[in-house]
Protein chains: 2
Amino acid sequence: MGTLYLIGLGLCDERDLTIRALEVLREEVSEVYIELYTARPKGLNVQNLERLIEKKVNVLSRELVESNYLLNRAKEKNIALIVPGDPLVATTHISLILDAKRMGIKYRIIHNASVLTAIPGACGLHAYKFGRTTTLPYPYKGYIFESPYDVIKENLRRGLHTLVLLDLNPEKGSSMTINEGIEILLKIEERRREGVIRNDSILVGIANVGSEDEIIKAGYPRDLIEYDFGEGMHSIVVVGNLHFTEAEALVYLADAPREILEDA
Amino acid sequence: MGTLYLIGLGLCDERDLTIRALEVLREEVSEVYIELYTARPKGLNVQNLERLIEKKVNVLSRELVESNYLLNRAKEKNIALIVPGDPLVATTHISLILDAKRMGIKYRIIHNASVLTAIPGACGLHAYKFGRTTTLPYPYKGYIFESPYDVIKENLRRGLHTLVLLDLNPEKGSSMTINEGIEILLKIEERRREGVIRNDSILVGIANVGSEDEIIKAGYPRDLIEYDFGEGMHSIVVVGNLHFTEAEALVYLADAPREILEDA
C-alpha cells in the first residue's frame, strides 16, 4: 500500500514548491502527476518542473483526476498529484482524499500559497474584511450566471470586500481577463440595476499575483475595463468599506484614484 | 539602496519555505530577521532555520518590526523578514510595505501557505462557504470581547462557516487552546443567549494544521471542550450549513458525529 501526496504548487512556477515538497517529489514518490485545469500559473513550464524534481511529470485531465486512476495506483506505490495553489482549495480534490480514506489509502497534504490569501495581502486589504469568495463563470450559450453578483451584493451590504475569481479558459490555458470579467459584471448590473457595480465602485484587478509579472491596479470600472493586465491568471476584488490604511494601500500600491482617501 | 524581502514561512517549520525563498535567503540578502508574535509554528526551531539558510536569524520584537528599524537597514542592503504563514495576512506587515513604498525602498513579497486557506481545505469544507474570519482575544482584565460572536452570528445567518483564529499567548509561545476558546464562546453565549453557540452546534478544532502533529476533530461543544489537542497553534471553525460532501468529510476526516449526515 502506497501513499497519495497532494502537493501545492503555489502561485507562479516550480520554484514556489516548498522544500518539503521537493524532498517528497525527489525521494518519496515513484510517479508524479499534475493537474492544470483548476488554475494555470503563467510561469509554469512542466519541463522545468521535471528537471527540478528529476522525474517525469504527467499532466492529468479532470476526468482522470476525478476517476479512481490515482487511487488505484496509490494502492501499490507512493504517488504525487501536484495542484496549483493550495491543493484543497479546489473542492474537487477534497473528494480525492475522502475516497482515499474510504479505501484505506494513506494520504498526505503539503499546503502552499493560494490566491485566496495572497491577493488580499498584495492589495493591502485586510484579510478579515473579506466576505465569501465567488467565481465568475463564462456565459454558457448566452446565459449569464448571476450568483456572483448576489455574493458581492451580500458582502457589500456588510461593508466587506469580495474576491472574484475568474473562470479558466481551457483553450487559452489562462483565465478570463479582468476586462472580460468587468464587462460581465456590468451586464448583470444593467439587468439587475441594484447598484452593486456602480460608476464610483472601486475595483482592483490583479494579474499573476506573487510573480515577477504581477500587476495590481485599482480604479473605477471605466479605468480598468480598458487596462492591459497582460496574459496569465487574473482576478478582481470588489472593494467594500475601506479602512483608512486600506485606502492608503490602494493608492500607493495599486494606483487607485486619490479621492478614495477622503471617504475612508 | 537595498531591497526588503517579506518572506512567508508557511505553516510548520523551515522546510515549508519555498525554493524561491531559500534562494533569496541564501544568496540575495545579508541580514535575516524573523517575527514570531503573529503566530508561532510548533515545529519551528530557529537554529534549524539558521543551518538551512546558512545565516544568522534575528528574532525581532513587535516594537522593532513596527518601527523603522528594518526600513533603515534596507536603505543600505538587502534584508529579509520571515513571517509565519503568508507574510501579508498579518495586517501589521502591510504598513511595512506601505512605508517602504513611501521611502522609495524596493520590496518583494514571497507568499506561502496560510491557515486561512489551509484550514478550510484540511477540514474538507468548501473555501467559498466561509464568511469573514475573526480572531478570539484573551479576556482583558475580566472583560470579554464579544465581536467574534457577532461575526459568527452574521455568518451563520447566511449559512456560512467561520474560521475563528485564537489569540497568541506570548508567554507560552503558542496559541490559546481550542478548549479555552470554546469556553470563552460559551461564556459569551451565556450572556447574549442568541443561540449562536448551541448544544447542537458543530465545531471543528484544528491543531497544527499541515504538520505531522495535525489534529482535526469535529463535534458538539461538549465533545471538544475536554478533548486534548496537544500543544501548538490551535483554531476553531464554527460550522454553518453543510453541503452533503462537507458533512461526509467532517465524519470521515474529523470524526464528527454521524447524525450530521442526515441533516446535510
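User: How many salt bridges does the rule find across the interface of chain A and chain B?

Analyst: A salt bridge is a side-chain nitrogen of Lys or Arg within 4 Å of a carboxyl oxygen of Asp or Glu. By that rule, 12 salt bridges cross the interface of chain A and chain B. One pairs R20(A) with D13(B), whose closest N and O atoms are 2.8 Å apart. The model is predicted: local features need pLDDT of at least 70 and side-chain atom pairs 80 or more, while totals for chains, interfaces and linings use all residues. Residues are numbered from 1 along each chain as written, chains are lettered from A and ligands numbered from 1 in written order, and side-chain values use heavy atoms, without hydrogens or water.

User: Which elements give two or more residues to the side of chain A that touches chain B?

Analyst: Helices (H or I, at least four residues) and strands (E, at least two) are DSSP runs, numbered from the N terminus. In chain A the elements in question are α1 (19-28), α5 (92-102), β5 (106-110), α6 (115-123), α7 (147-157) and α10 (244-254).

User: How many residues does the contact take from each chain, and how much area do chain A and chain B bury between them?

Analyst: The size of an interface is often given as the accessible area lost when the parts come together. Buried area is that loss, found with a 1.4 Å probe and summed over both parts, and contact means heavy atoms within 4.5 Å. Here 54 residues of chain A and 54 residues of chain B take part. About 4600 Å² is buried between the two chains, 57% of it on carbon and sulfur atoms. Within chain A, I19(A), R20(A) and R158(A) lose the most area to chain B, together 15% of what that side buries.

User: Which residues does R15(B) touch?

Analyst: R15(B) belongs to the loop between β1 (3-8) and α1 (19-28) of chain B. Leaving out residues up to four places away in sequence, R15(B) touches T18(A), I19(A), R20(A) and E23(A). The side chains of R15(B) and E23(A) are joined by a polar contact of 2.6 Å. Such a contact is a pair of N or O atoms within 3.5 Å; within protein, one must be able to donate a hydrogen and the other to accept it, and residues adjacent in sequence count only if both atoms are side-chain atoms. Between chain A and chain B, 21 residue pairs are in polar contact, both residues being at pLDDT 80 or more.

User: Is R15(B) buried, partly exposed or exposed, and why?

Analyst: Buried means under 20% relative accessible area, exposed over 50%, and partly exposed in between (1.4 Å probe, protein chains only). R15(B) is partly exposed because its relative accessible area is 29%.

User: How many aromatic pairs does the structure hold?

Analyst: A pair of aromatic rings is described by the distance of the centres and the angle of the planes. Rings of Phe, Tyr and Trp (its six-membered ring) pair if their centres lie within 6.5 Å; planes under 30 degrees apart count as stacked, over 60 as edge-to-face and the rest as tilted. Over all chains there are 6 aromatic pairs. Among them, Y227(A) and F229(A) are tilted, with 4.8 Å centre to centre and 55° between the planes. F229(A) is buried at 2% relative accessible area, whereas Y227(A) is partly exposed at 33%.

User: Why is the pair of Y33(B) and Y69(B) edge-to-face?

Analyst: The pair is edge-to-face because the planes stand at 90°, the centres being 5.8 Å apart. Y33(B) lies in strand β2 (residues 31-35) and Y69(B) in helix α4 (residues 69-74) of chain B, so the pair ties together parts 36 residues apart in sequence. Y33(B) is buried, at 4%, and Y69(B) is partly exposed, at 28%.
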